[in-house]
Amino acid sequence: MPETPPEPENGLPELNPVIHGKLRLALLSLLSTVEEAEFTWLRAKTNSTDGNLGAQLLKLEEAGYVAVEKKFVLRKPQTLYRMTEAGRQALTEYVQALKQLLGSAINV
Amino acid sequence: MTNEELELKDRLSLIETMIAEGRKTTERWGWTFVLWGVAYYVAIAWATWGHSNLAWPVTMVATGLLTAVIASRMGNKEPETTMGRAIWAIWIAVGVSLFVFCLSASAAGRIDQQTFIAAVAAMLGTANAASSIILKWGAQFFCALAWWTAAAISCFATVTQSSIVFLAAIFLCQIVFGTYMMISEAREKRAGRNSGAAHA
């Protein structure tokens, strides 16, 4: 089941902690622009290490924001990541919450 | 501005940067324009001096296979984007239309040269125009205009005139444009930017 974002408090929205992590946010933003992406492409775009990237992608997968497909192409293993509908919804809500928070900070 | 506000701005900026990065691609397709331009010249020369009905279909199939082999050897690892698939769909659809038309027209032998050139040029104009509108790329729209002009002229011109116009359009829209695209792609890659040439 996709993870639900925290309920708003004091009229201001809270940021989804699963997405708020820098690398996870970068990964979801990247995946929002493509149909699916290889692990190696995501690694190159984010300049991250295999271990860290794998761990953050696993968190996104556990939250239901990313779907993984493993296959063999010309006998070589290939891991493809695709953003789920829940992931897209969560990213949209995160951006809206971010803008709302920034707007309230400017209004203060 | 507090640290928290700075962090929020940093997150927003990260999203924008990553979306731009995701849309950026290093795909290179300029060589296909040059390759197909040369293929058209080969087919024309073969059909003119070889007097063979097989000239167009054989050259088109051979070039299609060559394109597929070269593209697979280039090992394109870029993920698919909606824009990329749209461009690909246009060229595949027009490619199949051209193949079916060239094969049928050559086999039937009932279409005069001017009509043949007009149909081929109009189809290439359509593909270039659709592609340029998606990519918002003026240089490619100029190619579409050139193809459409060649198609229109061919309807009124003599066999010799329409042949000259067709050869000129191939040179301009395939060889010159393809070379320009290859130079742009190389330049964009070095600079780490992307414009029309490297956008699909």
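Visitor: Which residues of helix 3 of chain B are buried?
Guide: This is a predicted model, where local features need pLDDT of at least 70 and side-chain atom pairs count only at pLDDT 80 or more, while totals for chains, interfaces and linings use all residues. Residues are numbered from 1 along each chain as its sequence is written, with chains lettered from A and ligands numbered from 1 in the order in which they are written. A residue is buried with 20 or more other C-beta atoms within 10 Å of its own, exposed with 12 or fewer and partly exposed in between, C-beta atoms being placed from the backbone. In helix 3 of chain B, the buried ones are Ala55(B), Trp56(B) and Thr59(B).

Visitor: Which exposed residues does the face turned away from the buried side carry?
Guide: The buried residues of helix 3 of chain B pack against helix 2 (30–49) and helix 4 (82–108) of chain B, by contacts of C-beta atoms, placed from the backbone, within 7 Å. The face turned away from them carries Leu65(B), Ala68(B), Val69(B) and Ser72(B).

Visitor: How far apart are the end C-alpha atoms of helix 3 of chain B?
Guide: Helices (H or I, at least four residues) and strands (E, at least two) are DSSP runs numbered from the N terminus, and the expected span of a helix is 1.5 Å times one less than its number of residues. Helix 3 of chain B has 19 residues (55–73), so it should span 27 Å, and its end C-alpha atoms agree, at 27 Å.

Visitor: Which residues touch the most other members of the largest nonpolar core?
Guide: Such a core is a set of buried Ala, Val, Leu, Ile, Met, Phe, Trp, Tyr and Cys residues joined through C-beta atoms within 7 Å. Here the largest one has 28 residues, and the elements giving two or more of them include helix 5 (113–135), helix 6 (138–156) and helix 7 (159–191) of chain B. Ala121(B), for instance, has contacts that include Trp147(B), Ala150(B) and Phe166(B). The residues that touch the most other members are Ala121(B), Trp147(B), Ala150(B), Phe166(B), Ala169(B) and Cys173(B).

Visitor: Is Leu27(A) buried or exposed?
Guide: Leu27(A) lies in helix 2 (residues 22–31) of chain A, where it touches residues including Leu42(A), Gln56(A) and Leu60(A). With 28 C-beta neighbours inside 10 Å, Leu27(A) therefore counts as buried.

Visitor: In strand 3 of chain A, what is the bridge partner of Val66(A)?
Guide: Two strands pair if DSSP finds at least two bridges between them. Strand 2 (residues 66–73) and strand 3 of chain A pair in the antiparallel sense over 8 bridges, and they form a hairpin with 2 residues between them. Strand 1 (residues 37–38) of chain A also runs antiparallel to strand 3 (residues 76–83), joined by 2 bridges. For Val66(A), the bridge partner in strand 3 is Met83(A).

Visitor: How many residues does the contact between the chains take from chain A?
Guide: Chain B gives 16 residues to this contact, and its side divides into 7 nonpolar, 2 polar and 7 charged. Nonpolar means Ala, Val, Leu, Ile, Met, Phe, Trp, Tyr, Cys and Pro, charged means Asp, Glu, Lys and Arg, and the others, Gly among them, are polar. From chain A, the number of residues is 19.

How values were computed
Contact = placed C-beta atoms within 7 Å. Lists of a residue's contacts leave out its neighbours within four places in sequence.
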